[in-house]
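Please read the following with the model open beside the text.

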Amino acid sequence: MVQNRQVYKAPMFPLWAVIAAVGIVLAIATYPFYGAAYVTSLLGKFLCFSIFALSIDLIWGFTGILSLGQGVYFGIGAYFTALSLKINYAAVNPTRYGGTIPDFMEWNGLTELPGFMVPLQNLPFAIIAGLFFATLLAFIFGVITFKRHIYGVYCAVITLAESLILQEAIIEYQAYTGGFNGITDYGTHAQINVLWLILVVTIIFFIIGRILTHSRIGTILKSIRDNDTRAEFMGYNVANYRIFVFCVSSFMAATAGAMYAAWNGIISFLDAGPVFSIEGVIWTAVGGRGTIIGPFIGAFLVKGSEYFLSGKLAWTWQLIMGALFIFVVLVMRDGIVGTIGKWWSARKKRISN
Amino acid sequence: MTNILEVKSLTTKVSGYTILNNLDFSIQENELRVVLGPNGAGKTTLIDMITGRYKPKSGKIIFNGEDITGMAPDKIFVRGVSRKFQVPNLYETLSVYDNIMVSLKGRRKVMKSLLGKVTKQDNNRIWEILDFIMLAEKAEDSVDTLGHGQRQWLELGMLVASEPKLLLLDEPTTGMTKDGKEKTAELIEKIALDHTVMLVEHDMDVVRQIAKNVTVLAQGQTLAEGPLSEVVENQEVKAVYLGKGVLDGT
């Protein structure tokens, strides 16, 4: 018997990918110094969207849980941060009515900051609380659904309902959330150090995602995606694995939301709603689910062409986007990256034979 | 020798129908037991009960001295029971190698698999199993490129990789050619050398090739039990299979 035989395993971080990544990161990091301000503001947004798509890819592409409500976690992260920024901003920049609390609170008859919001005056606390709360909610949701063997379509419907509920709650409790108008005008927009922060966090999450999906646990997650019955009868507590990934994913989404709020300078109920959640699913599908680079390409491509086309073709761009999505679903099931990857490995096999 | 598995007066009903009726059944350590029975006798249901897929209405299942009645499938697995499904249940997008890799014994908890790596010993063990199930050449291929027989073997290999105390095999030769069946029967015989195996089988050629002790189930109860040669002569057993000619091989 021949010992020490190996199977080919792609390296965790291939050299060409590292070189390309360094190039892209440097280009984005220095872009504000020579590029257009408008494009810079888009870059920061797209990076946040990329992380959001990556978080969907982790649960959907790698573990097989389709969530149509990932916006909930993005929204929680965004709202905690934006509220804190707004409270602090209002304290030193009185509204035109002279108050030192956020304007939307005044409009709704509040005269002072509600007691439960006082801790939000501390920005680092607010951010950490947002991330913690989002992860906790994901954990509770996971225990309720996955432990009771609810997944597949039912899970998708429940998560969709989740984001609808949050969206309605934000609109309903407008004295605390800004309601329909969202939270605006809190003094942070497209600050270059925030862009660098976003970039660093993106790199970290990218690396975490790659390690998580390319190591032994990644193979286990894929096996659960492929056949959860077999995994269960092979001794894996499938629910625990799903809860774990769901928490990691929600933490990423919340982080993306928090940075998005700081970068964009305006957020609204739409950033927690079902439409945004489903958009994230589309970015992932177009880019290539089950790949780590796919969500990034998907988010940049779809969102980028959206901004580009809506300027050039004000009337037809949505049709084009819709057609693109249908094309991907029908013809390129694995998305852009997945299709190229398959073609590449098929070619390699042809050559080696 | 001690009984590794004891099923005591097990009863289960599905929408009013009694599938298992006060069934008593036991397997000794290191035994190879073949379970026969006509369709609907409750063979697969028995496996489902032992592995925790469904909960029995009444009765007890004792494995290795411990009551496992109603436990979750993954808990029962950890105690040493691995099962093979009638239709091969594999991880379709993973490679053959990875299918075995995730089946290796131990490291089932989330945190352990988060930190766990595939060690040299793991790698050698995987290749050993791949040789054993004659799929070493296919190691890097994805499972969906395998033929039907190879898929059955792979699932057998996954069970062996998990180093169970008891293997439950549900008709592992279903849909195979004659040649494939013989090879599979050889595999099972080899596995049975150092494992306790309960084999549910329809195909009498396979049964004849490997069976020593046989249990015949009918209508959720044990009809006959003992060496194959005796059971075949049993009048009640003949009556159950009457007209089918299965037992005579005609």
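How many residues does helix 11 of chain A have, and how far does it reach from its first C-alpha to its last? Helix 11 of chain A has 27 residues and reaches 38 Å between those atoms, close to the 39 Å expected at 1.5 Å a residue, where the expected span is 1.5 Å times one less than the number of residues. Helices (H or I, at least four residues) and strands (E, at least two) are here DSSP runs numbered from the N terminus. This is a predicted model, in which local features need pLDDT of at least 70 and side-chain atom pairs count only at pLDDT 80 or more, while totals for chains, interfaces and linings use all residues. Residues are numbered from 1 along each chain as its sequence is written, and chains are lettered from A and ligands numbered from 1 in the order in which they are written.

Helix 11 of chain A is mostly covered, with 24 of its 27 residues buried; a residue is buried if 20 or more other C-beta atoms, placed from the backbone, lie within 10 Å of its own. Just after this helix, Gly265(A) takes a positive phi of about 75°. Helix 8 (residues 192-214) of chain A has 23 residues that should span 33 Å, and its end C-alpha atoms are 33 Å apart, which agrees. Its buried residues, among them Leu195(A), Ile198(A) and Phe205(A), pack against helix 1 (15-34), helix 2 (37-60), helix 9 and helix 11 of chain A.

Another pair of helices in chain A, helix 13 (residues 294-312) and helix 15 (residues 335-352), have axes that come within 7 Å and cross at roughly 130°, the axes being lines fitted to C-alpha atoms over the stretch in contact, with angles running from 0 to 180 degrees between N-to-C directions. Helix 13 and helix 15 of chain A are therefore oblique to each other, a class left over once angles under 35 degrees (roughly parallel), over 145 (roughly antiparallel) and 65 to 115 (roughly perpendicular) are set aside. The contact is made by Gly294(A), Ile297(A) and Gly298(A) of helix 13 and by Gly335(A), Ile336(A), Val337(A) and Gly338(A) of helix 15.

Between the chains, 24 residues of chain A are in contact with 31 residues of chain B, contact requiring C-beta atoms, placed from the backbone, within 7 Å. The largest share of the side of chain A that touches chain B, seven residues, comes from helix 9 of chain A. Ser223(A) lies in that helix and is buried, with 26 other C-beta atoms within 10 Å. Not counting residues up to four places away in sequence, Ser223(A) touches Ala231(A), Tyr91(B), Leu94(B) and Val102(B).

In chain B, four strands form an open sheet in the order 2-1-4-5 with antiparallel pairing, where two strands pair if DSSP finds at least two bridges between them. Strand 2 (17-28) and strand 5 (66-67) of chain B stand at the edges, each with a single partner strand, so one side of each is left without a neighbour in the sheet.

Elsewhere in chain B, five of the five residues of strand 8 (residues 196-200) are buried, so this strand is largely enclosed by the rest of the structure. Leu32(B) has Val197(B) as its bridge partner, whereas Leu168(B) stands opposite Met198(B).

Terms used. Two residues are in contact if their C-beta atoms, placed from the backbone, lie within 7 Å. A residue is buried if 20 or more other C-beta atoms lie within 10 Å of its own, exposed if 12 or fewer, and partly exposed in between; C-beta atoms are placed from the backbone.
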